[in-house]
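Dear colleague,

Please find below the structure that I am handing over to you, with its sequence.

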Amino acid sequence: MQNKINEIKQYVLGKIKQIKDLKDWQTLRVEMFGKSGKFTELFKLMRDVPAEEKGKVGQILNNAKQEIENLIVENERKMGEEELNKQINSAEKIDITLPAEKCTGSLHPRTIIQREIEEVFTSMGFVVEDGNEVETEYNNFTAVNVPENHPARDMQDTFWLDNGQVLKTHTSASQNRILKKYAPPIRAIFPGRCFRNEDVDASHENTFFQLEGVIVDKDVSVGNLIYFMKEMLSKIFNKPVEVRLRPGFFPFTEPSFEMDVKCPFCDGKGCPTCKNGGWIELCPCGMIHPQVLKNGGIDPEVYSGCAFGLGLDRMTMLSTNLNDIRELNSGNLKLLKQFKIK
Amino acid sequence: MIISLNWIKDFVDLSGIEVDELTKRFGLSTAEIETVTRVGDNLKNIVVAKILSVENHPQSNHLHILKVDDGSGAPVQVVCGAPNVRVGLKTFFCRVGGQVKDMKIKPVKMVGVESNGMCCGGNELGIEADTSGIVELDDDAVVGTDIHDMLPVDDVLIEIDNKSLTNRPDLWGHYGIAREFAAIFNRKLKPLELDDLSAYNNLKKLNIKVETKNCFRYTGIAVKNIARKVSTPLIKLRLNYCGMRDINMLADLTNYIMLELGQPMHAFDNAIVKGIKVIENKQPIEMLTLEGEKHEIAPNSIVICDDKAEPIAIAGIKGGLKDSISSNTTSLLLESACFDSATIRKTSRKIGLITDASLRYEKSLDPELCLTASARLLYILKRIDGGVKVTSSFTDVYNFKYPKIKINTTAEFISRRGGVNLTVDEITNILTRLNFKVANKNGDLTVEVPTFRATKDVSIREDLVEEVFRMYGYDNIKSAPMSMPLTPVDKIATHEVEYEIKHALSSRFNLNEVHSYVWNYLDFNKQIGITQNSVLHLMDSSKSGQAGLRINLTPTLLKFADENKNKFSEISIFEIGRTFDELDQNNLVKEKKKLSIVLASETETDKALYFKLKQIVEFLAENIFNIAIEFKPNTNCQAWLHPVNSCEVVGAGVSAGQFGVLHPSVKNKIDKRKHFASLELDVNALLNMPKLQTKIVPSSKFQPVSLDFNFVMDSTRPYAELENVLKNFKCAYIFEYSLKDVYKNDQQLLNKTSYTINVTITPKDKTLTSEDIEKFSARFIKTFAMQNINLRT
């Protein structure tokens, strides 16, 4: 028996030297331990071993089997490793510093800022409404309490159209429709393109974007407005901001405020963005005028609300360091292509 | 508007409050302050001096050599170019070492003659408008007195943003601002010193007739024996500090009252103007204004006429030339009036004449101020020109009185709106400081609005919320979170889809978003040979440059492509915007939200660009709108599209727009080197198309079989005909297909095109036998043959 075992061992060692390919190891295993493998045959001889020697011979056989198996596994592993190393070392060295193909598309910077701001509002439970660009005189002026003789209604300030409508002068033109559409409590923002009949220069445009919002519920207070604006602006500027209210005047709110934010670019120390004043005038706002609520079908005895506007163009210019508002409507691809999609 | 802090201090004691604190609190409680400027501290070592002698300069025909006594002892020699030098004249003299604004005075030689100091002009010092010579002081000025001891030249000038005073007619003069400071800092406002007009009640009335309801109040009073021609140095100083020019004593006085009280006044020469008639003109009237400019007063303006019905002033805006006071005037008819704000504004805009008076009248002034202003002017006039005598009663035509406003509210309401609990006492205290009268009956407050706030500014209880909290300090209001019910938020499809499209086009198709204007560019359209017939037009296109609103987006995008053509070889831009191409039965516009794309390339072919657009359309249809669309021949091709290589996008029988290669004539006018394609789709139309239901193909455990077929079809027939057969092919197996290859070779294929179609069939319940496959193939080929599409042989 021992002789036979040695014979097989020698055979295996010889075979191992000849093996060139990883798949040959399986062949060798079958040759040894398959149904009619060399070793399997040896086990078959156990039948003839006298009962008193069976234990001893069995152990010898098992040890031998283990030994051969280990030989196969160990050499297979070595060969596998060598082959992997060969693959790695022969691989083409790819120069990853070469440029990859770039996404050359871009969103308009206004779209990027608008989306960011919208997402802050939707996270706070606001619906984002879509307004018109041409509005009726009623929606643009009368519904939001702009008096009959107000200069804003003059031809010199507003683009009147030959059918009696106007290119909307402010996003507030959507307020009436939105107040009517939703029952309180209301949380809505409405971004849109607005128009003023004025001469265009680096800081004045006749076509610009605003984003306006309203909150209507029972007992909305100035304290609520301050809280909300602070939270919202902190999210937009991605850091806690300080705000302050100053008196303002708009026909659609009473009281009306100008909201300043402590300059988030210099933390109020003074920089070119805040013209060294430490504060940036950012956001006209106020408590919705009771007449505006009434015109929107909401009882001002029961409900109150606040409204606020953000100049999207101004926000865009603040965050991109653009200093000529005309660029935004220019189609200047040298500029616009520098923006990405976020 | 410029406010002199010294002037304010005539009316309210602000001692102990720093200027920074004053302006900060004013800005937070009342109106925006633009600039704060300290003046006067750059006038140094300037004293009263007397000219002792005047000699001509030997080498100059306009310079003089003076000896002046500046109170320091020996006469000082100074060279002076002013024409009004004369022996005995007292003037302001800056000694060597002194300073006149930015000018430091040193000993110099002027054309060879030594000069030790400078005689100062009023304009140089900033205390008078006059630029013609040196200051002429009264004889009683004491030689050697410092300018700071004679005049309050040290001052703080506060410039307030006019826009932030739009709604506050009461703040257009110093007294109103002083009242505001008094309220903010809880100080006492001193009453104005006034002449007692009732003393003239027995004198005869002036002949004043008012024939228009737009003149709310017209008052007049006549004065004679006016001797003084020149204002006092203080009046001149204040006018100049506040940005006006001194002219002559009477004109200066009316301006002084306007700056002090906010009430514009006008002085007519009583020797010429005997009576007043205020009319609303029906016809245009021509008039020469004070400065001698001819203006045509548009109809429906308010015109002041004399008793001969000759126009003598444009009410509330400007006086006329011939009847106004001059330096010869010795008797005066003083107008103090109130007009309808809108009428004044309209006339002012029509004439193109915006004046200090019109700016104030536009804000709806308090008519009660008319009397105060006259009484104040007479009070000052009597003190600076002792001999004047009033010759008429205060004649008052008061046509329209604003109603008295009383507002009912409670402390509870005001507290609730502000979000701060205030007591009745706290509220009463604040409102009283602002001259409101508060009556408290068991907690129900009745608040009477002072007349100067009652012309438009304060009328409802919410206005009182503002008054109370701006004085309480907005910065003292604590921020308070609000609670709202948890309800799902609507998404507005037209808005959401806009961003989804933009994101896909930029991130997936490498397009660049642009924003443009909503009007047509006639010149550019003409240049590329297209017309756009706008449905809507701007009534005033002087500032936009264009009148017609766009009915398509693409022409503007072509303009952008044109502007960028020399900077880029490849252009791919898009915009989502509105077009205005249809009116409804009420004559209101039906706005459409449209997407336009323009592609231009020097490397890609027309075909490649056309297919890129098709890929985009299909992507949008499948992945954003989830709709089925077809590409149909273009029946109503847009002028800039290629008549053959363009198509219409149709879904559920409705057209959503067109795309295609650009018309060669348009393309050649923009850029001959580039290929162009454009697209314009109606986003709303796409949104309104029926949504597709996703149909799931059941999976099978049996082996699929893949087969290739080469069909040939006449080259004139579109691939869609072949695909139609595929789409409609009925089969018991799971049937999938794709187009693998298109081969066109007219000579070899005799004007036919070959299409390699790969078909995969998967049985649902058994394994396919070769017999099954043969049967399938035969039926498949036969179906095509029926449409005259045959296997390539």
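The largest nonpolar core has 253 residues, and those with the most contacts inside it are Met229(A), Cys120(B), Ala315(B) and Leu613(B). A nonpolar core is here a set of buried Ala, Val, Leu, Ile, Met, Phe, Trp, Tyr and Cys residues joined through C-beta atoms within 7 Å. A residue counts as buried if 20 or more other C-beta atoms lie within 10 Å of its own, as exposed if 12 or fewer do, and as partly exposed in between, with C-beta atoms placed from the backbone. Helix α7 (residues 249-261) of chain B gives the most to this core, namely nine residues. Helices (H or I, at least four residues) and strands (E, at least two) are DSSP runs, numbered from the N terminus.

Leaving aside residues up to four places away in sequence, Ala315(B) touches Cys215(B), Val278(B), Ile302(B), Val303(B), Ile304(B) and Phe339(B); contact requires C-beta atoms, placed from the backbone, within 7 Å. Another core, of seven residues, lies apart from the largest one and includes Phe711(B), Tyr755(B), Ile757(B) and Val759(B).

Please note that this is a predicted model, in which local features need pLDDT of at least 70 and side-chain atom pairs count only at pLDDT 80 or more, while totals for chains, interfaces and linings use all residues. Residues are numbered from 1 along each chain as its sequence is written, and chains are lettered from A and ligands numbered from 1 in the order in which they are written.

Between the chains, the contact takes 67 residues from chain A and 74 residues from chain B. On the side of chain A that touches chain B, α8(A) provides the largest share, six residues. That side divides into 26 nonpolar, 23 polar and 18 charged residues, where Ala, Val, Leu, Ile, Met, Phe, Trp, Tyr, Cys and Pro count as nonpolar, Asp, Glu, Lys and Arg as charged, and the others, Gly among them, as polar.

Two sheets of chain B deserve mention. Pairing of two strands requires at least two bridges found by DSSP. β30(B) pairs with β31 (residues 641-651) of chain B in the antiparallel sense over four bridges, and Pro633(B) has Cys647(B) as its bridge partner in β31(B).

β2(B) and β11 (residues 155-160) of chain B share six bridges, and Ile33(B) is bridged to Ile160(B).

Finally, Pro272(A) lies in the loop between β7 and β8 (279-288) of chain A. Pro272(A) is exposed, with 10 other C-beta atoms within 10 Å.

With kind regards

Terms used:
Contact = placed C-beta atoms within 7 Å.
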